[in-house]
Amino acid sequence: MTPYDVIVVGAGAAGMMCAATAGQRGRRVLLIEHYTKLGEKIRISGGGRCNFTNVGAGPANYLSRNPDFCRSALARYTPRHFIAQVERHGIAYHEKKLGQLFCDGPATQIIDMLRAECAAGGVEWWMPCPVDGVTHDGASFSVATPKGAARAPALVVATGGLTVPKIGATPFAYRLAEQFGLAVVPPRPALVPLAFAPAALARYGDLAGLSVDAEVAFGRARFRENLLFTHRGLSGPAILQISSYWDGRAPLSIDLLPAVDVAAWLAGHRGSSARLDTLLAENLPRRFAQQWCEAHDAARPLREIGDAALERVAAALEAWSVLPAGTLGYAKAEVTAGGVDTAALSSKTMAATAVPGLHFIGECVDVTGWLGGYNFQWAWASGHAAGGVA
Ligand SMILES: Cc1cc2nc3c(=O)[nH]c(=O)nc-3n(C[C@H](O)[C@H](O)[C@H](O)COP(=O)(O)OP(=O)(O)OC[C@H]3O[C@@H](n4cnc5c(N)ncnc54)[C@H](O)[C@@H]3O)c2cc1C
């Protein structure tokens, strides 16, 4: 059996960062990846341009049962550190909006960079190579594979979440955590489009492609960005963001006119012969305004709408209540929320406190970033934290 210092399972964003970091510290590292293609999620990320970090990334941009868990790793490996690496590799990039950094060229540049960093650390690869099982004798981990077994005192699990199963996602991390007695916060799709319930689908399903600037709220979370109508429901950045917070039961509240003092605007047209949907079309897509007014029994001239009814319309425009039927699931989600419970892990090393040497990093951990480069920043930071000690 070949001895290593560190075995990393999963060669995605977090796994490659961890392997490179450990290897460049002089550790003998084996990186095991079961899929045939390397870094597929990186390749398809950010519309093919990889939104590789967000310059403003901080703990407030992450969901977790323990919102403070990500603080240490994020503080020790910041967006500046990753940007410096990107610049060292001569990769051109730009800020798109809201601190989101994208490659100017294809996302494969980031994969090539990570592969080169692994090579600089002398990382050995087994790929494609599934893992058949893991055992621990108290001192070291033994990983069984069709290529044979490998042994190391440190095992880093970087197999990601359940999103986009067709490019290699597996529940490996959750099963392994359970094997070692660690709790797992139930996984669920996040940053995911939402499906309309049948009545809303019948009304708004034909509006696919329309978008509005909206503020979408659930509980204390609120995001102002574009909301996009699809042939199945709602998507766009505002919806993807709020989907991570949605509990699957209560309605979302959508301010359809966040830039307008709606009550004053409508009051200014009280008594007008213009139809409400025609007026709304000054600030909303016409076809949506028509459907929305019909649904709210307000597709009439303003003079036919009484004061109390007009106030209700104004309130409904600022808080359109939508109860989705559900999410579009892991096939369409960008990330998996939930995962290995952070209560079981050290926030400094990402190691299980009860199982010395067993680390979990990246998306498989119960730390989920907002849309906008935050998830990769967590992958880099948690990978770096484990790679610095394993
Ligand atoms: C379409 C899409 C676009 C995205 N765009 C962005 C973006 O622009 N910016 C951003 O910050 N985030 C983005 N994300 C999220 C981001 O890709 C993930 O959060 C990030 O890749 C997580 O890194 P990871 O290393 O933890 O997991 P992954 O990147 O998923 O890597 C896990 C690796 O483990 C391997 N693996 C799984 N099971 C096993 C097993 N049993 N044995 C061996 N290997 C295994 C997988 O094949 C994979 O290579 C996007 C996600 C999707 C789906």
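Helix 13 gives the most to the shell around the ligand, with four residues. Helices (H or I, at least four residues) and strands (E, at least two) are DSSP runs, numbered from the N terminus. This is a predicted model: local features need pLDDT of at least 70, side-chain atom pairs count only at pLDDT 80 or more, and totals for chains, interfaces and linings use all residues. Residues are numbered from 1 along each chain as its sequence is written, and side-chain values use heavy atoms, with hydrogens and water left out.

**Ligand site**

- The ligand is surrounded by 31 residues. A residue is near a molecule or strand if one of its heavy atoms lies within 4 Å of it.
- The closest residues are Ala 14, Glu 33, Thr 170, Glu 363 and Phe 376.
- Helix 1 (13-24), helix 2 (40-44) and helix 13 (374-387) each supply at least two residues of the shell.
- Thr 170 places a polar side-chain atom 2.6 Å from a nitrogen atom of the ligand. A polar contact is a pair of N or O atoms within 3.5 Å; within protein, one must be able to donate a hydrogen and the other to accept it, and residues adjacent in sequence count only if both atoms are side-chain atoms.
- At Gly 46, a polar backbone atom is 3.1 Å from an oxygen atom of the ligand.
- Glu 363 has a polar side-chain atom 2.7 Å from an oxygen atom of the ligand.
- Taken alone, the ligand exposes 1,000 Å², and the protein buries 92% of that. Accessible areas come from the Shrake-Rupley method with a 1.4 Å probe; for residues, only the protein chains shown count as cover.

- Seven strands form an open sheet in the order 19-18-15-16-17-14-20, with antiparallel pairing. Two strands pair if DSSP finds at least two bridges between them.
- Its edges are strand 19 (320-322) and strand 20 (326-327), each pairing on one side only.
- Strand 14 (residues 194-195) pairs with strand 20 in the antiparallel sense over two bridges. Here Ala 195 stands opposite Gly 326.
- Helix 12 (307-318) lies across strand 18 (252-255) and strand 19. The helix runs at about 105° to strand 18. Axes are lines fitted to C-alpha atoms, for helices over the stretch in contact, and angles run from 0 to 180 degrees between N-to-C directions.

- Pro 324 sits in the loop between strand 19 and strand 20.
- Pro 324 is buried, with a relative accessible area of 6%. Buried means under 20% relative accessible area, exposed over 50%, partly exposed in between (1.4 Å probe, protein chains only).
- Beyond its neighbours within four places in sequence, Pro 324 is in contact with Leu 194, Ala 195, Trp 246 and Leu 252. Contact means heavy atoms within 4.5 Å.
- Pro 324 and Leu 201 are 123 residues apart in sequence, yet 9.8 Å apart in space, C-alpha to C-alpha.

- Four strands form an open sheet in the order 1-11-10-9, with mixed pairing.
- Strand 1 (2-3) and strand 9 are the edge strands; each pairs on one side only.
- Strand 10 (residues 141-145) and strand 11 (residues 148-152) run antiparallel and are joined by five bridges. Ala 144 stands opposite Ala 149 in strand 11.

- Most residues other than glycine have a negative phi, and most peptide bonds are trans.
- A cis peptide bond joins Met 127 and Pro 128, with omega about -5°. Pro 128 lies in the loop between strand 8 (124-126) and strand 9 (133-136).
- Leu 98 has a positive phi, near 50°. Leu 98 is in the loop between strand 6 (93-95) and strand 7 (100-103). At 56% relative accessibility, Leu 98 counts as exposed.
- Leu 191 also has a positive phi, about 45°. Leu 191 is in the loop between strand 13 (184-190) and strand 14. Leu 191 is buried, at 1% relative accessible area.

**Val 184**

- Val 184 lies in strand 13 and counts as partly exposed, at 22% relative accessibility.
- Leaving aside neighbours within four places in sequence, the contacts of Val 184 include Tyr 174, Ala 177 and Glu 178, as well as Gly 339, Val 340 and Asp 341.
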